[in-house]
Amino acid sequence: MDFEPNDNQTAILDGLEQLITSLRIETPKEGETQVFSEALDAELATSGYLDIAREEDFTVLDAALVVERIARLPVTAEVTNSMIVAPLFPAGEVDRPLALVQGSPLAPARFLPHAKSLLVDRGDDLLLVKVDPARVEPVESLFAYPYGKLDSVDGLETRSLGAAMLAPLRRRWRLGMAVEAAGLMQSALETVLEHVKSRHQFGRPLGSFQAVQHRLAMASATAHAVRWLAFRAAWSDAEEDCAIAATYVQDSIVTFCYDLHQFCGAMGLTLEFPLHFWTYRLKAMLGELGGGSKQARAASTLTWSAAA
Amino acid sequence: MSTIDIASLDAFRERARSWLKANIPAAEAPLDGPESRDFVLDWQKRQFEGGWAGLIWPAEYGGRALSVAEQIVWFEEYAAAHAPSTHSAAFVGLNHAGPTLIACGTEEQKAFHLPKILSGEAIWCQGFSEPGSGSDLASLRTTGRIEGDTLVIDGQKIWSSYADIADYQELLVRTDPQAARHAGITWVICPMNLPGITVRPIRTMAGPTKYCEVFYDGVRLPLADAVVGGINNGWKTAMATLGFERGTASLALQISLIQKVETLARDCADPMLAPRIADLRADAAALKAMSYSFALASEKGTPGPEGSLIRLYFAELAKRVSEAAIDLYGIGSPKLTGDHGWAFEYLDAFSETIAGGTAEIQRNIIGERVLGLPRTRQ
């Protein structure tokens, strides 16, 4: 059971594989926790992949396929916001790399140290801030993505994009999280499956123990469910689907990461084992947009208001 | 069930609170390296000189010979005062190496080592796991070859927390390769400054380099000083060590976690998160009930396999609490960052279901040794 891409999507993914191969992306050096790849980011931008969702005959789902594939890499680039969120706005209005934040424009945001634009969900308005890199303070984080925050917005170019754009922004933000998580979960799971097949204890592979098999089977079900929910949401681009996908992702991350790390033992807790390249990033998503409970509330509101 | 003199405990609590208020270090505890060693030894020395170290250890080895109830009160006040975490380089010596020596060591070993642990003169680490022997501890391959009155050690250990700054190691070696898996093992005290020992620190995903790999190349130990519990009887001694590690060693950490849940409850203003925090309070109350009754019941000896029930419950609750804290405070909060922030706690909590026997091993112990179910075929 898997997603069958159409001809367009096959062409996109084949080209992307070639690009990834040509970049010779290697697992970051031992001990590195910040895994932003400027080379990957630049190559994706110049090769046109990041503008796919703006092109005629291409859809949000096509963009989602690229985001999911890139998320499977042990390094990251600002792909999700550029491909899923930015196309909501006319070309040229929101420059990439793009960072998103809720509440205060001074709150920490993923990718802000590399961003040219910051979109701020103020609750009653959507604010666009043109980012001056000199005004960004790096924020200490154990969650792999580069985080930063603005020292202030004084002197920076800001513009209201209107309250009407808040709902679309949140819809695509949720969608982007779900799609990215699908890729992260897939690679994390593959890493652990390889480990439990090769690691022996009590004279047999770890993966032969039912206690291990059962939990990894559930982890696999989670990864599959996230993938399908994310692609379904990308296909419909409907608010409710996106909220449900994001709810499922944020509610699943904790158990998923626990199960995966558990079966890699102490080795899985070190920076010498590659699992953290994906699980750090998954954990970063736990609290975005207020966490899983907020997405669940949004999904419920959408469902019940539609039914009323 | 023994009776507890509440008035006397209240007076003890007041003294503990007052001493902690006056003596807690102003600086935050470093997480690893020589600074961590200096900090931990200095803080331990200060507690010892104040009469607050080894509360339930025998008086003849520097302890106070007090009751477990008083120990619990001390830990409650210790956590409430935000004293340095007990999950430090002092943990092994105070919580399972020392208790193992009390239970299984010779008089000479007790007299030499126990006062050093209590007075902040020595740090201990553990040398049980090997690269090929994690959950399957009895498959360990590090050898201890007996040459006259000397033990010659060759091999490798891993996940030896703070081995890079430790003075002694509780070390398991195979002294009889011909014997059955569990029968040819010996528990020895290994000074970490001996020729032939190499330590490589490993950085964890939570940040510090506290885990270590230890290599032994012809390390020579005087047999009489080293062996605890008898040659080739190390599995039994190791079970005592693990009984402490899984049973009572984490009591202070459990009490600290219970108090952290109360802090989350006080800080929670989000109605969506409130039911989750309420569930955690109930879980913490259950942990408190279990861990206190188990500690009180273990007052007179080595904790039994029921400790695995508490170890498992605590480990999984610790994860849930740190996850809830991240949701409650948000990634940008100062409460998350720093060496002792919730982000560190969250990542560090992953080790709770692995160290001292994974959650799966704890479940096996509960199934086989507590519930009396048939053993798993291996």
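**Figure 1. Ala65(B) counts as exposed in this predicted model**. Ala65(B) has 12 C-beta neighbours inside 10 Å. A residue is exposed if 12 or fewer other C-beta atoms lie within 10 Å of its own, so Ala65(B) falls in that class. Ala65(B) sits in the loop between helix 2 (33–49) and helix 3 (68–80) of chain B. Its backbone also deserves a look. Ala65(B) is not a glycine, yet its phi is positive, about 55°.

**Figure 2. Phe202(A) has a positive phi in a loop between two strands**. The value is about 55°, although Phe202(A) is not a glycine. Is Phe202(A) buried, partly exposed or exposed? Phe202(A) has 15 other C-beta atoms within 10 Å. Buried needs 20 or more and exposed needs 12 or fewer, so Phe202(A) is partly exposed.

Figure 3. Pro97(A) lies in the loop between helix 4 (80–85) and strand 1 (98–102) of chain A.

**Figure 4. Ala178(A) belongs to the largest nonpolar core**. That core has 202 residues. Ala178(A), Ala245(A) and Val188(B) touch the most other members. Helix 7 of chain A gives the most to this core, with 13 residues. Which residues does Ala178(A) contact, leaving aside its neighbours within four places in sequence? They are Val226(A), Leu229(A), Ala230(A), Ala233(A), Ala245(A), Ala246(A) and Val249(A). In soluble globular proteins, nonpolar side chains tend to be buried together.

**Figure 5. Chain A meets chain B**. The contact takes 26 residues from chain A and 30 residues from chain B. On the chain A side, helix 7 (239–262) and helix 9 (292–307) each supply at least two residues. Helix 7 of chain A gives the most to this side, with four residues. What classes of residue make up the side of chain A that touches chain B? There are eleven nonpolar, eleven polar and four charged residues. The model scores ipTM 0.77 and pTM 0.84.

**Figure 6. Domain 2 of chain B touches domain 3 of chain B**. Chain B is divided into domain 1 (6–118), domain 2 (124–233) and domain 3 (247–370). The C-alpha centres of domain 2 and domain 3 of chain B lie 30 Å apart. Four residues of domain 2 are in contact with six residues of domain 3. The domain 2 side has two nonpolar, two polar and no charged residues.

**Figure 7. Chain A has nine helices and nine strands**. Its C-alpha atoms fill a box of roughly 65 × 50 × 40 Å along the principal axes. How does the radius of gyration of chain A fit a compact globule of 308 residues? Such a globule would have a radius near 19 Å, and chain A has 19 Å, which agrees. Buried residues make up 49% of chain A. Of the contacts in chain A with a separation of 6 or more, 68% join residues 24 or more positions apart.

**Figure 8. Chain B has twelve helices and seven strands**. Its radius of gyration is 21 Å, close to the 21 Å that the globule rule gives for 378 residues, so chain B is as compact as a globular protein of that length. The C-alpha trace of chain B spans about 65 × 45 × 45 Å along its principal axes. Buried residues make up 48% of chain B. The mean pLDDT of chain B is 92, and 98% of its residues reach 70 or more.

Methods
Residues are numbered from 1 along each chain as its sequence is written. Chains are lettered from A and ligands numbered from 1 in the order in which they are written. This is a predicted model: local features need pLDDT of at least 70, side-chain atom pairs count only at pLDDT 80 or more; totals for chains, interfaces and linings use all residues. Two residues are in contact if their C-beta atoms, placed from the backbone, lie within 7 Å. Ala, Val, Leu, Ile, Met, Phe, Trp, Tyr, Cys and Pro count as nonpolar, Asp, Glu, Lys and Arg as charged, and the others, Gly among them, as polar. Domain bounds come from an automatic or database domain assignment. pLDDT is the predictor's confidence in each residue, from 0 to 100. The radius of gyration is taken over C-alpha atoms; the globule rule is 2.2 Å times the number of residues to the power 0.38. A nonpolar core is a set of buried Ala, Val, Leu, Ile, Met, Phe, Trp, Tyr and Cys residues joined through C-beta atoms within 7 Å.
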